[in-house]
Structures are given as C-alpha cells and as structure tokens.
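Here is a short tour of one protein model. Keep the sequence and the 3D view side by side as you read.

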Amino acid sequence: MQMTDVLGRTPQRSDARSNRTRILATARQKLGDDPDASLDSIAQAAGVARRTLYGHFSSRQALVTTLTQEAGRALQQAFATARIPGADPLEAMARMALAAWAVGDQYRMLISLGRRDLGDEVIRATLAPARAEATATVRRGQDEGVFADHVPAPVLALTLGALILALAEEDATSTWADPTGEAAATALLVAAGVAPQVAALRVRDVLPESERQERLPTTARPA
C-alpha cells in the first residue's frame with residue numbers, strides 16, 4: 001500500500017515541477033516583452049490554470065523574485081564556467097564579458113524587472129558576487145597597467161557592467177546584432193582603457209573558432 005502511494009504521488013510531483021518550469025519560462029518571455037504582463041496572462045500563455053500559478057507563486061513579487069534570483073545565479077554560473085586559472089586581466093575580463101553576453105536576456109530582465117518590482121537594494125545584493133569578481137579583475141588590471149585607473153576599480157567595474165547591459169538591450173531591440181558577443185566584449189575592453197586593436201585581438205583569442213566572425217572589426221584590421 002505504501003509503495004502504491006509513493007508511485008501514485010510521483011507523477012504529481014513531476015507535474016508540479018514541470019508546471020513550475022513552464023510558468024517561469026513563460027513569465028521570462030512575457031515579462032521580457034511586456035513588463036506589465038499580468039499573472040493571469042502568464043498563466044494563460046503557460047497553459048495552466050490560475051490556481052496552479054498561484055500555487056507556485058502567491059504574488060507577482062514572488063514570481064519576479066524567483067526570476068531575479070535565477071538570473072543572478074545564471075550570471076554567477078556563467079562567470080564560473082568562463083573562469084580560467086592563471087588568466088591575465090585582459091583574458092579574464094574578455095571571458096567575463098562573453099559570459100555575461102551569453103545570459104544577456106536574463107541579465108536584462110534581472111535589472112529591469114528587479115528595479116521595478118523589488119528595488120535597487122535587492123538588485124545590488126543579487127549582483128554582489130558577480131560585481132565583486134569583476135571589480136577584482138579590474139583592480140588587478142589597473143595594478144598591472146592594462147586598464148585605465150582614472151576612476152576606482154569598483155566604479156569602473158560598475159560602468160562596464162552598465163555598458164554590457166546597454167549593448168544587450170540594443171542587441172535585443174534594434175537592427176544591430178552581435179550573436180557571439182564579440183563586438184560587445186571588444187567594446188567593454190576598449191571602455192576599460194585597452195587599445196581597440198589589442199582589445200579586438202584578445203577577444204578573438206578567447207572566442208571558440210566556430211564563433212569567430214569572418215572578419216576582424218574595422219578597428220582591428222591591419223593598416
């Protein structure tokens with residue numbers, strides 16, 4: 001009897017996980033397209049009943065909090081995956097920029113929805129680990145003379161993060177496209193004080209061969 005109960009409940013738990021995953025994926029898309037999307041519209045788009053959505057997320061804030069936490073974890077995981085022991089500051093920063101680009105949609109949502117629904121303090125706390133790593137890399141680059149030092153490392157790291165966010169927004173909403181993140185990572189290194197030719201070449205060194213653009217950016221072509 002106990003085995004029957006266990007077997008009987010397993011599909012329910014599996015269905016609950018599937019519903020939650022589908023709700024979050026749908027919410028990510030709907031709220032990315034329309035920050036004012038209602039929970040009812042998200043439930044309808046996800047193909048679940050309202051009570052099912054509310055069973056997982058009791059309020060809009062609860063849903064946005066979960067999406068924000070997921071985005072923060074995705075950014076940290078992307079940084080961890082891109083991290084190479086012993087990498088110099090230029091390589092480390094290029095890898096971080098490309099990693100942030102890979103999770104750009106979630107990163108944009110973290111900022112826009114989080115600030116709107118949760119407040120700046122929550123966003124700062126969510127981004128704190130990633131920003132700490134970026135700041136440490138910037139500081140190391142400044143100490144080695146490869147990054148500009150006209151502003152403190154935390155300020156420059158924050159500025160570079162804002163630049164990647166702005167470029168990701170343009171990539172999503174305008175005719176400009178940067179599928180691999182090569183142009184964005186190059187722009188970030190240039191903003192950090194690296195010569196354009198050097199920045200472009202270092203980013204290309206980091207990119208997998210299959211993702212490299214056919215031609216170098218104009219600034220990186222030999223004269």
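## A residue in a loop

Serine 59 has 29% relative accessibility, so it counts as partly exposed. The model is a predicted one. Where does serine 59 sit? Its place is in the loop between helix 3 (50-56) and helix 4.

Serine 59 can also be located relative to leucine 39. The two are 20 residues apart in sequence. In space, their C-alpha atoms are 8.1 Å apart.

## Helix 2 and its buried side

Leucine 39 belongs to helix 2, which spans residues 39-46. Which residues of helix 2 are buried? They are Leu39, Ile42, Ala43 and Ala46. These residues cover an arc of only 100 degrees around the axis, so they lie on the same side of helix 2.

Glycine 47 follows helix 2. Its phi is positive, near 75 degrees.

In soluble globular proteins, nonpolar side chains tend to be buried together. Here, the largest nonpolar core has 43 residues. Leu75 and Leu189 have the most contacts inside this core. Several helices give two or more residues to the core, including helix 4 (60-82), helix 7 (120-143) and helix 10 (196-206). Which helix gives the largest share? Helix 5 does, with nine residues.

Now look at leucine 75. Leaving out residues up to four places away in sequence, leucine 75 touches Ala100, Val103, Tyr107, Leu127 and Ala130. There is also a second, separate core, with 18 residues. Among them are Ile42, Leu63, Val64 and Leu113. Ile42 is also one of the buried residues of helix 2.

## Helix 6 against helix 8

Helix 6 and helix 8 pack together with their axes 10 Å apart. The angle between them is about 110 degrees. Angles of 65 to 115 degrees count as roughly perpendicular, and helix 6 and helix 8 are therefore roughly perpendicular to each other.

Which residues meet? Helix 6 brings Tyr107, Arg108 and Ile111. Helix 8 brings Gly161, Ile164, Leu165, Ala168, Glu169 and Ala172. In this contact, six residues are nonpolar, one is polar and two are charged. Tyr107 is also touched by leucine 75.

## A buried threonine

Threonine 186 is in helix 9. Is threonine 186 buried or exposed? Its relative accessibility is 8%. Buried means under 20%, so threonine 186 counts as buried.

What does threonine 186 touch? Leaving out residues up to four places away in sequence, threonine 186 touches Pro196, Ala199, Ala200 and Val203.

Key
Residues numbered from 1 in each chain as written. Predicted model: local features only at pLDDT ≥ 70, side-chain atom pairs only at ≥ 80, totals over all residues. Heavy atoms only, no water. Core = buried A, V, L, I, M, F, W, Y, C linked by side-chain atoms within 4.5 Å. Buried < 20%, exposed > 50% of the residue type's maximum accessible area, 1.4 Å probe, protein only. Helix = DSSP H or I, 4+ residues; strand = E, 2+ residues; numbered from the N terminus. Contact = heavy atoms within 4.5 Å. Axes fitted to C-alpha atoms, helices over the stretch in contact; angles between N-to-C directions. Parallel < 35°, antiparallel > 145°, perpendicular 65-115°, else oblique. Nonpolar A, V, L, I, M, F, W, Y, C, P; charged D, E, K, R; others polar. Arc of directions from axis to C-beta.
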